[in-house]
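Subject: Structure for you to look at

Dear colleague,

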Amino acid sequence: MISLQSIAGGKRAVLLLLLFLVVALLLLPESRQESLMVIGRPMATVIAVPLRGMEAANQTIDSLVNRYLALQHMREENLALRQHIARLQQENARLRETAQATTRLRDLLELQERLPYPTVAAQVIGLDSTNWYRSIVINKGRKNGLAADMGVVTTAGAVGRIVKAYDRFAIVLLLNDLNNAITGLVQRTRDEGIVEGTEKGLARIKYLPLLSTVKVGDQVVTSGLAGGFPRGLPIGNITKIERREAELFLSAEIALDADFAKIEEVLVITAPRESAQLPANPFTFQPAVPLTPAGETR
Amino acid sequence: MKVLGYAWLILLLVPLQVVLVDRISLFGIRPDLPLVAVCLIGLYHGEIDALLAGIAIGFAQDLFSGGVHWGNLCLKPMLGLIAGLASRNVLNLTGGFAFGLILSLSVLSGTVMYLLKAFMGPGESFFFAARGIILPQACYDALVSLALLKLLQRWWASPTPQTALSYE
C-alpha cells in the first residue's frame, strides 16, 4: 500500500519534473521546439471543432447585437421617414385639391366671363336636410342679389333653380328632382317640352310633338321661355325615346350633362333676359347646332 | 338652462344635418338627425318638451329643404308627442324599445312625407319610395338613435341612490 505521505511526495516530484520540462522547453533551441508541433497539430485539429462552433456562435451573437442596434436605429429612422411621408402625402393631397379647385374655378371664371348674362358665383355648402328632395345649399343669398326662380349653372350646363333665397344662403332644387320642371328644347329638331326629374335621379323631357324626329343622342337645351334660364344652356342628351299608344305627346329620357353628385361651385344667373349675344359655345359640351341667344326668334 | 340647451341643439342640429351628415350616408340615404333628436327628447323629457322642440327643429329643417311645403314643421312635433306619450308607459327605457319606437316613427314620418308629396305634386311610386327612402332611412334612424341612446345612458348614468339602509 502507498502511504498518503508517499503520494504527496510523488506529486511534488511530478510537479518539479513538469516545471523542469517547461523550463527545458523554453531553453530549447527554436529548431527543436518544432518537434512539439507533432503533438500540437492533432490537438489543434481537435480543438478546432469546438472553436468553429464557438466562432459561429460568436458571429451569431455579434450579428444579433448588430441587428438589434441597427434595428433600434432603423426604427427611429423608419418613424421619422413615416412621419415625413405622411407630411408629404398631406401636402400632396392639399396641392392636388388646390390644383383641382383652381381648375374648377378657372373654368367657372371663364364661363362667367363668356356668358352674356350677369351671374353670381357661389359655393355649395350643403345638401337637402331631408332625403325627399334633391337640392343643394349655396353660400350666396338675397344680399348677393339672388332670388327665387333664378337659374343655376355649372361649366357642364344647367343644374337647377333657386327655390328658397335667404339673406346669406339659398336652396337650389336640382334638375333631377321630381318636383323640378323647366322648359327645354331639343336642339336639332327645335321641339319644345318640359324637362323634369325622375324618381331614379335622371331627367325626362315631356310633351314633345308626336311627329317629332327626335332621336337618341340629341342635345336638349333650355328654351328660355320661362323660368330663370336663358335660351341655349345645355341640359343633357336624349338616351331613350318613349312612344306610347293613345298618347298625344312623346317623352324622352335625358342623361344630364352635369354630374349632380360632384357639384362644388355654381353660377347663378341673376338676369337671364339681359342677354346681348351668347357666344358660340361657352360650355364644355359640343352642340350639334350653334346656340341662339335668349329672346332671338327661331 | 333647458331652453338654452334646446336652443343650442336647434342651432347645431340642422347645419349638422345639411353639411356633415352626408359623410355618413349609406347608398345615398342619410339619417334624419332632427327626427332622432325629437324622439329622444320625447323619451327623456316628455311630450311637451318634444312637441316644442319638434316645432322649432321641424321649422329649421324645412328652411333648408328643397320642398315648398312645411312637412317637417307638422311632422316633427307629432313624432315628439308620440315618443313622449310612449315613454310614459315605460318603466325602464331599453335599447330595444327605443329602436322599435324610432323605427316605427321614422316609417310613419316617411309615409306621411310621401303622401304629402304625392298630394302636392308629381308623385313617385310608393313601392319605389318605400324601398328607396322610407325603409332604409327608418333602419338608419333607428340604429343612430340606438347608438345615441347608449351614449346618453353611459354619460348620464346616475349612481345608485344612497339610502339610510346603505350606511348600516
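Predicted model: local features only at pLDDT ≥ 70, side-chain atom pairs only at ≥ 80, totals over all residues.

Chain A is made up of 298 residues, of which 33% count as buried, and its secondary structure comprises three helices and 12 strands. When contacts in chain A between residues at least 6 apart in sequence are considered, 59% of them join residues at least 24 apart.

In chain B, helix H6 covers residues 126-155, and its 30 residues reach 40 Å from the first C-alpha to the last, which is close to the 44 Å expected at 1.5 Å a residue. H6(B) is bent by about 30° at Ile134(B), with a proline, Pro136(B), following within four residues. Ile134(B) is also one of the buried residues of this helix, among them Ala129(B), Ile133(B), Tyr140(B), Val144(B) and Leu149(B).

As for the contact between the chains, 23 residues of chain B are in contact with 19 residues of chain A. On the side of chain B that touches chain A, the elements giving two or more residues are H1 (2-20), H5 and H6 of chain B, and H1(B) gives the most, with four residues. Sorted by class, that side of chain B has 10 nonpolar, eight polar and five charged residues.

With best wishes

Conventions: Residues numbered from 1 in each chain as written. Chains lettered and ligands numbered in written order. Buried ≥ 20, exposed ≤ 12 C-beta atoms within 10 Å, placed from the backbone. Contact = placed C-beta atoms within 7 Å. Expected span 1.5 Å × (residues − 1). Bend = angle between axes of the 7 residues up to and from the residue. Nonpolar A, V, L, I, M, F, W, Y, C, P; charged D, E, K, R; others polar.
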